[in-house]
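Have the viewer open as you read, and take the points in order.

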Amino acid sequence: MATTVRRAVLNLPAAPLGPENPLPVLRAPADAHTLDERSREGLPRDMARQIGYEPLRSLLPVRLRDGYRRHRRESAFEAVVLENAHLRVTVLPGLGGRVHSLVHVPTGRELLYRNPVFQPANFALNGAWFSGGIEWNIGATGHTTLSCAPLHAALVPAPDGGVMVRLWEWERLRDLPFQVDLWLPEDSGFLYVGVRVRNPHERPAPVYWWSNTAVPEDPGTRVLAPADEAWHFGYERSLRRIPVPRWEDQDRTYPLRSEYPADFFYEVPEGTRPWIASLDDGGRGLVQTSTARLRGRKLFVWGSGEGGRRWQEWLTEPGTGGYAEIQAGLARTQLEHVRLEAGAEFSWLEAYGPLAADPGPVHGPDWPAARRAAEEALAAALPAERVDEAYEAWRGCADTEPGERLATGSGWGALEVLCGGFHLPGTPFEESGLGEAQAPWLELWRTGVFPAPRRVAPPGPSLVAPHWRDMLETAPADPLTEYHLGVAQWHAGDVAQAVRSWERGLKLAPSRWPLLRCLAVADALAGDTARAAQRYAEAFEDLAEESRGGEPWTAAESALGREAMTALLAADRLPAARAVWDRLRPALREEGRFRLLAARLLAAEGHAGAARRVFEDGFELADLREGEEILSEVWSRTTHRPLPATYDFRMRPPT
C-alpha cells in the first residue's frame with residue numbers, strides 16, 4: 001500500500017476557545033516549573049548554566065487565551081491523514097499541529113492516548129491547552145503558546161519520492177521560525193518527524209523544545225528509557241537526582257505507583273541511543289527514538305492521588321482512561337534553555353512506532369534486563385543507523401518549497417520576514433498572509449506613524465522586539481503609541497520609562513482604562529498595593545462607562561474585572577471590590593472565575609456561610625491554573641470541613 005495523504009474532518013465534542021484576553025501580559029508567567037533556589041546547589045555545571053540562561057520574563061507579545069468554557073458541543077476540526085499499510089496518522093494543523101491519533105493499521109490498535117473531547121484547560125504558557133496525542137513544544141519551559149493556534153501546513157516532496165506534510169510557524173516568545181515535517185515512507189512501520197528551529201537574527205537566542213506524547217496509563221504499563229538515574233521534579237519545585245527504577249520503595253517506571261504528579265527526567269548517558277517506550281503488561285506499546293541532537297527523555301505522571309485523578313477527569317470526560325506522557329527534548333530537563341547562535345539552526349529526526357518486546361524481562365525485577373529487552377526489540381524494528389540515514393535524506397528536502405497548501409497560520413511571521421528581510425527556504429511567510437492584527441504595525445513600518453483605530457475598541461496586540469520599540473520611540477507621541485511603547489519598554493526591563501510613557505499617554509487619552517491598568521500592574525509589582533487598587537478601581541470604572549456590546553468588550557470587562565477585584569481584595573478595599581462586582585454584566589457573574597471571586601469577597605466581608613454556599617451550589621473554574629491551590633485556600637477560609645473532591649486539584653503533598 002503506497003503512502004497516501006488526504007484531508008479529513010474530525011468531529012469531537014468541543015468547548016469553544018472564546019476570545020483572546022485583550023490585556024497585555026505584564027506579569028511574569030505563573031509557572032509551576034520554577035526551581036527552588038536550594039535545588040540549584042550541586043547540579044551539573046551545564047545543567048545549572050542552562051537553567052539560568054534567559055528564563056522567560058514575560059509572555060509578551062503573546063496574549064492570554066483564557067476565554068474558553070466547559071460546555072461542549074459537537075464540532076468539526078480540519079485534519080490531515082497520512083496512511084500506509086502499517087500506520088494511520090491524524091494531524092490537526094489548526095491546533096498546533098497536534099498528532100491526534102497514531103493507529104497501527106494491521107491490529108487497529110491506537111498507540112497514543114486519544115482524547116475523545118477537545119477541552120481547553122490552563123496548562124499552556126498562555127492558557128489554553130488540551131491533552132492527548134503528540135504535541136510540539138517550542139518557546140520556553142511549559143506547553144507552547146501555539147497549543148491551540150493554527151500552523152501553516154502544506155505538502156512537500158518526501159525523500160523517498162512520496163509526499164510529506166510540513167507544518168511551520170513563527171514562534172513569538174523567542175522570535176524564531178520552526179518547521180515540523182511528518183513523513184511516512186511507503187513500507188515503514190514508523191512515522192518520521194523532521195524538526196528544524198532557525199535563528200535568523202544577528203544575536204544568539206534561547207531555544208526550548210520538547211516533543212510530548214500522551215500514552216495510555218494502565219496499572220500494567222511500564223515506561224522504559226536507557227537510564228539508571230533520573231532527575232525528579234515535583235510541584236514542590238525541587239529537583240533531585242534519584243535512582244531508576246526504584247525510589248522510596250516504589251518502582252516509579254509504572255506511572256500509577258506515584259501518588260502525586262511529577263516529572264522524571266532520565267539521565268541518558270552521552271553516546272547512548274536516545275529512546276523511550278511505554279509498554280503494556282503484554283510488552284506492546286509505543287516507542288519514540290531520535291537522532292542524537294534530541295538528547296533528553298522524560299516521564300510525566302499524574303499519580304494515583306485524588307488531585308491527579310481529578311485533573312485527569314477535568315481534561316476529558318469521567319470514565320475515560322487516564323494517560324501519562326513520554327517526552328523528548330533538547331536538554332536533560334525542561335527547566336533549561338539551549339543557546340542557538342546567530343544565523344544557526346538546530347535540526348533532528350524523530351521516529352514513532354509500535355514496539356513489541358518480551359513481557360517477561362520487560363516487567364521483571366531486573367532493570368538492566370528490562371531495558372535490554374526493549375532495546376533489542378527497538379534495534380530489530382528500527383536500527384539506529386536507519387534513523388541516521390533517514391535524517392540525512394530528510395535534510396536534503398528541508399529547504400524544498402511547499403506545494404499544495406493545507407492550512408494557514410498567523411500573519412506574524414509574514415510581518416517579521418517582510419520587515420527583517422529574512423530568507424527562510426522551505427518555510428515561506430508570504431505578504432499575502434498579513435491580516436487585520438498586523439495592519440497597524442505594517443503602517444508603522446512603512447510610514448513611521450502608528451495609526452489611530454477606525455472605531456473605538458480595546459487596543460490591539462502590542463509588539464515588543466527591539467526594532468518595533470525603536471519605531472515606536474520615533475513615532476508621533478499620541479496616547480495609543482505611548483501605550484504600545486510603554487508595553488515594549490516594560491518587556492525590555494525599562495520599568496521607569498514604561499511608566500513615564502503610560503503617564504504621558506494618560507494625560508490626553510480619550511480611553512483611559514488601558515493605561516490605568518498598565519500603571520496599576522506597575523504599582524502592584526512595586527509593592528504599592530493601595531495605589532494599585534485605586535488605579536484598578538478607576539480603570540474598571542472607565543471601562544464600564546466606555547464599554548459597548550460585542551465579544552471584545554465583554555472579554556475586556558471579564559479580564560479587567562478579575563484583576564481589579566483581586567487587587568481590591570488584596571488591599572482590603574471591600575466596598576470598592578463590591579462596586580466592581582455590582583457593575584459586572586450579569587452573564588459574567590455566573591462564570592466560575594467570578595463565582596470564586598464572589599466567595600472570596602463574601603468571606604472577606606465576614607459572611608463565611610454565604611461564601612461556603614457558593615461552593616456548595618457548585619461552580620467550575622474553567623481556567624484553573626496547573627499547580628494553583630486557590631480553591632482549597634478559599635474553601636479553608638469558610639470552614640474546617642475537608643475540601644470536596646470536585647474541587648480537589650492539589651498536585652503536591654500537604655505542607
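1. Start with the overall burial: 60% of the 655 residues in the chain count as buried. Keep in mind that this is a predicted model. The accessible surface of the chain comes to about 25300 Å², and carbon and sulfur atoms make up 50% of that.

2. Next, the overall dimensions. A compact globule of 655 residues would have a radius of gyration near 26 Å, and the chain has 25 Å, so the two agree. Along the principal axes, the C-alpha atoms fill a box of roughly 70 × 65 × 50 Å.

3. On the fold itself, you'll find 18 helices and 27 strands in the chain. Among contacts with a separation of 6 or more, 71% are between residues 24 or more positions apart.

4. A quick word on charge: there are 74 positive and 89 negative side chains. The centres of these two sets lie 3 Å apart.

5. Now zoom in on helix H16, residues 592–604.

6. Is H16 mostly covered or mostly open? Mostly covered: 11 of its 13 residues are buried. Among them are Phe594, Leu596, Leu597, Leu601 and Leu602, but also the arginines Arg593 and Arg600. What do the buried residues pack against? Their partners are helices H13 (551–570), H14 (574–583), H15 (586–589), H17 (608–617) and H18 (630–638).

7. Two cis peptide bonds deserve a look. One joins Leu60 and Pro61, with omega about 10°, and Pro61 sits in the loop between helix H1 (45–51) and strand S2 (73–83). Another joins Val244 and Pro245, again with omega about 10°; here Pro245 is in the loop between strand S17 (239–243) and strand S18 (246–247).

8. The loop between H1 and S2 also holds Glu54. This residue has a positive phi of about 50° although it is not a glycine. Glu54 counts as partly exposed because its relative accessibility is 38%, which falls between the 20% and 50% cut-offs.

9. Finally, check Asp572, in the loop between H13 and H14. Asp572 isn't a glycine either, yet has a positive phi of about 60°. With a relative accessible area of 58%, Asp572 is exposed, since the cut-off for that is over 50%.

Terms used
Residues are numbered from 1 along each chain as its sequence is written. This is a predicted model: local features need pLDDT of at least 70, side-chain atom pairs count only at pLDDT 80 or more; totals for chains, interfaces and linings use all residues. Side-chain values use heavy atoms; hydrogens and water are left out. Buried means under 20% relative accessible area, exposed over 50%, partly exposed in between (1.4 Å probe, protein chains only). Helices (H or I, at least four residues) and strands (E, at least two) are DSSP runs, numbered from the N terminus. Contact means heavy atoms within 4.5 Å. The radius of gyration is taken over C-alpha atoms; the globule rule is 2.2 Å times the number of residues to the power 0.38. Accessible areas come from the Shrake-Rupley method with a 1.4 Å probe; for residues, only the protein chains shown count as cover. Lys and Arg count as positive and Asp and Glu as negative; His and the chain ends are not counted. The place of a charge is taken as NZ of Lys, CZ of Arg, CG of Asp or CD of Glu.
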